[in-house]
Amino acid sequence: MPKTQNLQDILTEFVRTRDLEPKMLEQKVFSLWRQYLGTPIGIKTMPVSISGGILKVYTEYPPYKQELSLLKERIIADLNAELGQPILTDIRIDIRQSVTSTPHHTADTPTRAEPPKTSPKTSPDSTTNVPTPETLEQIDQTIVDVTDTNLKTSLYQLFLSQSRE
């Protein structure tokens, strides 16, 4: 690898060679959500996960759930157009209390997620691997030069989820 290769080229190559592009596009949905919906819906709702093309969204307010349900097809079409690929197939909206707190992908959150409070081993009642401190340090070192807070947070979460698989 040439010494003059910039970070963007390195990250692009890393994402491409590890087939992480679909996951990166999924993460982009979280950053597009608030921007696309604006206020107040974008602030009073929170996308929490994507699985099998289904975006799960929480809100405290039944009227927002109803409005999102009515606009669901247009939201899916517009977000997929912005992503350049049909990543989303459906949106599921649930009513939850206290969801108006700042989601994980905003600039107000720390650039590094807190390490798990459990031991760095597979928990006995779960099949999910908890990353070791060494893995967390390696992730931190990989993204240390990323200056965009949203990108840094998304990359951290992506690498963290990949380390658990």
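**View 1. Tyr58 of S2 and its bridge partner in S3.** In strand S3, Tyr58 has Asp94 as its bridge partner. A second bridge partner in S3 is Ile91, which stands with Leu55. S2 and S3 (residues 90-95) run parallel and are joined by six bridges. Strands are DSSP runs of E with at least two residues, and helices are runs of H or I with at least four, numbered from the N terminus. Two strands count as paired if DSSP finds at least two bridges between them. The model is predicted: local features need pLDDT of at least 70 and side-chain atom pairs count only at pLDDT 80 or more, while totals for chains, interfaces and linings use all residues. Residues are numbered from 1 along each chain as its sequence is written, and side-chain values use heavy atoms, with hydrogens and water left out.

**View 2. The hairpin of S1 and S2.** Strand S1 (residues 45-51) pairs with strand S2 (residues 54-59) in the antiparallel sense, over six bridges. Ile50 is placed opposite Leu55 in S2. Two residues lie between the strands of this hairpin, and Gly52 has a positive phi near 60 degrees.

View 3. Strands of a sheet pair through backbone hydrogen bonds, either parallel or antiparallel. Here three strands form an open sheet in the order S1-S2-S3, with mixed pairing. S1 and S3 are at the edges and each has a single partner strand, so one side of each has no neighbour in the sheet. From one strand to the next the twist averages 25 degrees. Axes are lines fitted to C-alpha atoms, for helices over the stretch in contact, and angles between N-to-C directions run from 0 to 180 degrees.

**View 4. Helices on the sheet.** H4 touches S1, S2 and S3 as it packs on the sheet, and its direction makes about 175 degrees with that of S3. Helix H2 (residues 21-37) lies across S1, S2 and S3 and runs at about 155 degrees to S1. Contact means heavy atoms within 4.5 Å.

**View 5. Helix H2 along its length.** The 17 residues of H2 should span 24 Å at 1.5 Å a residue, and the end C-alpha atoms are 24 Å apart, which agrees. The expected span is 1.5 Å times one less than the number of residues. Buried residues of H2 include Leu25, Phe30 and Trp33; buried means under 20% relative accessible area, exposed over 50%, and partly exposed in between (1.4 Å probe, protein chains only). Just after H2, Gly38 has a positive phi of about 65 degrees.
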